[in-house]
Amino acid sequence: MPTPEGIWEAADLPARRLAGVALNPSSPEDVLLRLLADGPPAVRMVLSRDRILPDAVVEAVLRHPDTRTRSFFARNPHVDPAQRARLVDDPEWFVRAHLAEAPRLPAGGVYRPLPDEVVVHMISTYDNDILQGTVYRQISTALERSMPTHPVAKVRRWGVGRWDQLPAGIQAALLADPDKDVRESARGSARRYAQSQDPAWVERELPDRSCHARWDMLMYQALSRAVVDNVLTAPIAEEERVAIAGNPSLPTDVVALLAGDPDPAVRERIAHRADLGPADRRALAVDPDPRVRLALSVHPELSEEERAAIDYEIPAGGCFQAWRGPTVPRDPQHVRRDANSGHPLLRRKAAMDRTLPPDLMERLAADEDLGVRVLLAQNHPDAPASLLLRSFLEYTGHERAHLTTRPNFPTAGLAAFADHEDPEVRALAARDPHTAPATVERLTRDPDPAVRGALARHPNLPRPRLTELLDDEELAHETAANPALDLEVIQRLVAMRGRRA
């Protein structure tokens, strides 16, 4: 079965024109229905997958005889998840599997959960091999929290995974659950957790070679003194001291020992430990390695005065992206403390909180640190337009484009960037409804293909140039999606199956 990439590569110029028509917001419902019924594979793909659809077209997609067409709709990130959910009992496993697989989102995109009752139905009726992918991204926080006590046994089985985070009463109920499979899953999770906290078991089962299981045990599971001593004196890999440095079970004297380790990577890991003693904190605060001093400077036991006394440096650049957030909300007082801190890394931590109150959002929006401002813009639902634009202009790192998808990203005035040296900034002119026609036309000849494609969709594109670009091998698809395209041209393209003559 061809991949989406293969389907698009196989599309000829007429098919790509029709694909543009399928995405054109001016295309009427009857045109979309005809494309869905008669269009080539590439057209049905983009129509079903890449846009919001009128209700009548949704109904037609759900009834479409082509499995791939329905499967593309199952992964459509633009439509209401409840519309996708209507494919939950599709007769083809291929469609059901793609419903279970979360839609592909651009970097920074936030997944919208499927309705709880649909997820419960999937868990109750789908084979495990279909549910082993990314369905978890489509589960609401409320359902995830309710799983250990859910009335449906198969859902309760899903709730035993994070055993150590469950209250003792819920653990006891799962161990005595009336459903045999739930009891067995709960006992398995309880056993695995108990083993991970048993130093003797870990010592006995620790692999004697460098592998994923060994690294996991050294980093997260309870270590016996013998295992710790072996790592200190005869490690299988040199990095094993770094691995145990963050292990919660590390004895106090070993924590102190590793605080003076010759490897700065070990000292950096130790500096993050909440159980680090005052003397070791003082020593690491003046460590010769700047990474160690930086790690120590955000230690929770330090006062603001102690932090300010440390000679730390914030590395230039960085990756400031959208963050899903914790399952359990942070304490508002802790967030406020971090937002008011003199330390940029703590303010960055606060800036990622989506529930920041207005006074803190206003304070952090004017922060002197780029990372604070961008993280606030990437994550807060009410980030103001001025902050979003400033962040986009100043930040060039990962998930920069996500900023343009935020609710308040501006459109007015973006034509002023039409001559900017950065092509991503020049492309902002495509978002301004008042960009002059001459500017739009000029940018369709821009050296950068992304700029050319964005401006080919601008409704102010002069009619002669729009007509010309319908025959352009590169830009015909984008041009056919231009909302200024005359209805007569749209209908003629559909009637002639994408051909121009």
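Arginine 162 is partly exposed, with a relative accessible area of 45%; the term partly exposed covers the range between buried, under 20% relative accessible area, and exposed, over 50%, with a 1.4 Å probe and protein chains only. The model before you is predicted, so local features need pLDDT of at least 70, side-chain atom pairs count only at pLDDT 80 or more, and totals for chains, interfaces and linings use all residues. Residues are numbered from 1 along each chain as its sequence is written, and side-chain values use heavy atoms, with hydrogens and water left out.

Which residue forms a salt bridge with arginine 162? The partner is glutamate 144, and the closest N and O atoms are 3.3 Å apart. A salt bridge here is a side-chain nitrogen of Lys or Arg within 4 Å of a carboxyl oxygen of Asp or Glu. Glutamate 144 lies in helix α11 (residues 141-146) and arginine 162 in the loop between α12 and α13, so the pair ties together parts that are 18 residues apart in sequence. Helices are DSSP runs of H or I with at least four residues, numbered from the N terminus. Glutamate 144, at 24% relative accessibility, is also partly exposed.

Let us turn to arginine 348. Its side chain meets that of aspartate 369 in a salt bridge of 2.8 Å, N to O. Because arginine 348 belongs to helix α25 (residues 344-351) and aspartate 369 to the loop between α26 and α27, this pair ties together parts 21 residues apart in sequence. Both arginine 348 and aspartate 369 are buried.

Finally, Arg17, Asp471 and Arg500 are linked in a network of salt bridges.

Key. Helix = DSSP H or I, 4+ residues; strand = E, 2+ residues; numbered from the N terminus.
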